[in-house]
Every structure is written in C-alpha cells, then in structure tokens.
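Biologist: I'd like to learn how to read pockets, contacts and cores off a model. Can you walk me through one?
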Amino acid sequence: MNVEQATVLKNERLTPAHYRMTLACHPSYQEAVPGQFVMLHVSGRDAPLLPRPFSIHRFLGLPGGEAAVQVLYRVVGPGTRKMARTREGERVQMVGPLGRGFMLAGAGSRPMVVAGGMGVAPMVFLVEAMLEKGMDPKDCRVFLGARGREELLCRDELIDAGVMLQVTTDDGSDGEHCPVTHPFQTAARADPPERIYACGPEAMLRCVAQAARVLKTPCQVSIETLMACGIGACLGCAVKGKPQDSYLHVCSEGPVFDTELLGWS
Ligand SMILES: Cc1cc2nc3c(=O)[nH]c(=O)nc-3n(C[C@H](O)[C@H](O)[C@H](O)COP(=O)(O)OP(=O)(O)OC[C@H]3O[C@@H](n4cnc5c(N)ncnc54)[C@H](O)[C@@H]3O)c2cc1C
Ligand code: FES
C-alpha cells in the first residue's frame with residue numbers, strides 16, 4: 001500500500017456528470033488487481049474531511065518507467081465536486097491499491113461480466129486483464145447497462161477489446177430497453193457461463209447472485225458501502241456475511257466477494 005501525493009496528469013470530462021482522472025502513481029501499482037481501489041482526498045476549501053474510495057479503472061505504464069492509474073467517477077457530492085474542479089498538475093492524496101480484487105479467469109474460460117452504471121469502472125480493467133491472461137475475447141460476454149445513453153460509459157473500450165457486448169438502458173435511449181439483468185439471465189440460462197463477475201447497484205448484484213445460485217456458477221461481485229478509512233481501521237464499512245450474525249469489512253475483505261459469502265437472502 002502506498003500513501004502519496006499523486007500528481008493529476010489529466011482530468012477529462014466525459015459527460016456533464018462523469019470524469020476520468022489520470023494520476024501519476026508508484027510503479028508498484030503494476031501489481032494491482034482489477035477490483036482493488038484507491039482512497040482519494042483533494043484538500044482545500046469545501047473539501048470533505050475524509051477521503052473517498054474509487055475503483056482502479058486502469059493502470060497505465062508510461063514512457064521512462066513512469067506509471068499512472070485512472071479512476072472513472074460520477075459527480076454526486078462534495079468530494080467528487082472538488083475532484084471535478086481539480087486541474088492538471090495539482091496534487092491529490094492517494095492511498096492504494098487497497099482491498100481484494102477479482103480472481104481472474106484466463107485462457108479457455110468463458111465468463112460473463114455484468115456492469116451497471118458506474119459499476120463499469122473496474123470492469124474494463126477486469127476484461128483487459130483476463131484478455132492479457134489469454135482469454136479469447138469471443139468467449140467473454142459483457143452486459144453493460146445504464147439509466148440512459150448519457151450514463152453509458154466505456155462502450156468504445158469494450159468494443160475495442162473485441163468482447164461480445166450487449167448494451168441496455170432503462171429508458172430505451174440506447175441499446176435494448178430493459179434492465180441489464182434481462183439479457184444476462186436469458187443468455188446465462190441458454191448457455192451457462194463458467195463464472196460470473198458483476199459490479200453495479202445492489203439490486204442488480206442481488207439479481208445476478210440469485211441467477212448464479214440457480215445455475216450453480218461461481219460469482220464474484222464488487223460491492224459499495226460508505227467508507228471512512230479504507231484500511232480496516234474504523235469498521236464503518238461492515239456488511240452482513242454468512243453465517244447470519246457475522247460481518248464482512250468491505251474495505252479489507254472486499255470490495256470483491258464470492259456471493260456465497262454474503263448474507264444476502
Ligand atoms: C470500493 C468502492 C469503489 C468505488 N468506486 C467508484 C468509482 O469507480 N467511481 C465512482 O464514481 N464512485 C465510486 N464509488 C463511490 C464513491 O466512493 C462515492 O460516489 C463518493 O464517495 C461520493 O463522494 P462525495 O463526497 O462526492 O459524495 P457524498 O456526499 O459522500 O455522497 C453523495 C451521496 O451518495 C451516497 N453515497 C456515497 N458513497 C456511496 C456508496 N459507496 N454507496 C452508496 N451510496 C453512496 C451518499 O450517501 C450521498 O447520498 C466507490 C465506492 C466504493 C466503496
Ligand atoms: S472503511 Fe474503515 S474499516 Fe472499512
């Protein structure tokens with residue numbers, strides 16, 4: 001884990017509400033696993049006291065042995081508003097890589113990836129890492145859903161990766177007009193995958209987990225909770241696990257969990 005004042009190399013506005021920030025980082029981020037996250041804190045006036053968690057969207061090796069990480073974020077409150085106002089060359093406190101990431105499928109595997117809304121943030125890294133491990137892109141089925149066209153992120157990156165992509169929107173402004181879980185469930189029943197990965201709103205994750213249970217397919221999900229420290233010290237990120245009265249700390253034991261470990265009925 002590194003604690004650093006990371007220089008902002010770029011902070012691109014992708015839509016009125018979404019940005020992609022590229023931060024110079026310690027070269028050891030090369031070992032980061034998709035699903036791991038960083039805690040970011042922009043100091044100054046109007047800044048919240050506590051850092052905020054963001055999935056690692058991508059690791060970039062730069063010329064001269066330099067390295068960078070990208071985070072993809074939606075502006076929802078004071079922390080992300082402050083991030084959106086951050087300019088190139090400014091510094092942001094970054095702690096990471098943190099948490100446990102996805103267990104990567106490789107050559108010969110046939111996974112399904114389900115991403116809802118901002119849940120796509122760690123999934124591009126996941127898909128690219130699996131392709132690097134030798135997975136055939138045609139064997140990787142990705143279901144990308146969002147509320148509407150404006151919220152559909154990373155479609156071009158996934159098309160470039162060559163995976164089998166299905167797009168949905170809740171309002172029908174792009175792709176199929178339905179929740180992302182519909183084409184996922186239909187495809188999973190017709191041709192069950194070997195494993196399932198998902199990130200997105202909890203209702204979507206619960207639905208994916210239920211389908212995985214019926215199909216008896218291993219399933220990993222990345223879940224979000226409010227986080228104060230990100231390193232297992234405040235115990236503020238606990239969620240119910242199995243058995244019933246146990247708790248899991250999302251920052252240190254997750255954010256990626258096998259769904260069988262979660263206390264979801
Ligand atoms: C492991 C992890 C990875 C994340 N990755 C990303 C990412 O890649 N991109 C991204 O945009 N966001 C991500 N998030 C969510 C992100 O941390 C929050 O959106 C951010 O903290 C909001 O900060 P804020 O100060 O702008 O807004 P706040 O004022 O903190 O929050 C605004 C509103 O959003 C709610 N909220 C904040 N965080 C969460 C949460 N985690 N779950 C549910 N509701 C929440 C608050 O209750 C409030 O209603 C991640 C969260 C976790 C735990
Ligand atoms: S956020 Fe502090 S223990 Fe998890």
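Modeller: Let's start with contacts, meaning heavy atoms within 4.5 Å. Leaving aside neighbours within four places in sequence, Ala-107 is in contact with Lys-133, Gly-134 and Met-135. Before we go on: this is a predicted model, where local features need pLDDT of at least 70, side-chain atom pairs count only at pLDDT 80 or more, and totals for chains, interfaces and linings use all residues. Residues are numbered from 1 along each chain as its sequence is written, chains are lettered from A and ligands numbered from 1 in the order in which they are written, and side-chain values use heavy atoms, with hydrogens and water left out.

Biologist: Where is the place of Ala-107, and why does Ala-107 count as exposed?

Modeller: Ala-107 has its place in the loop between strand 7 (91–98) and strand 8 (111–116); strands (E, at least two residues) and helices (H or I, at least four) are DSSP runs, numbered from the N terminus. Ala-107 counts as exposed because its relative accessibility is 60%. The scale, with a 1.4 Å probe and protein chains only, is buried under 20% relative accessible area, exposed over 50%, partly exposed in between.

Biologist: How do I read a nonpolar core?

Modeller: In soluble globular proteins, nonpolar side chains tend to be buried together. A nonpolar core is a set of buried Ala, Val, Leu, Ile, Met, Phe, Trp, Tyr and Cys residues joined through side-chain atoms within 4.5 Å. Here the largest one has 31 residues, and Val-114, Phe-184, Val-221, Ile-223 and Leu-262 touch the most other members. Helix 5 gives the largest share of this core, six residues. Domain 1 (2–98) and domain 2 (111–218) both contribute, so the core lies between them; the bounds come from an automatic or database domain assignment.

Biologist: And which residues line the second largest pocket?

Modeller: Rolling a probe the size of a water molecule over the atoms shows where empty space is left. On a 1 Å grid over the protein atoms alone, a pocket is an open set of points where a 1.4 Å probe fits, with protein on both sides within 12 Å along at least five of seven lines; lining residues have an atom within 4 Å of a point. The second largest pocket is lined by Gln-30, Glu-31, Ala-32, Arg-58, Phe-59, Phe-125, Glu-128, Ala-129 and Glu-132. Helix 2 (123–132) supplies the largest share of that lining, four residues.

Biologist: Which residues are closest to the centre of the largest pocket?

Modeller: Val-76, Met-118, Gly-119, Gly-200 and Glu-224, out of 45 lining residues.
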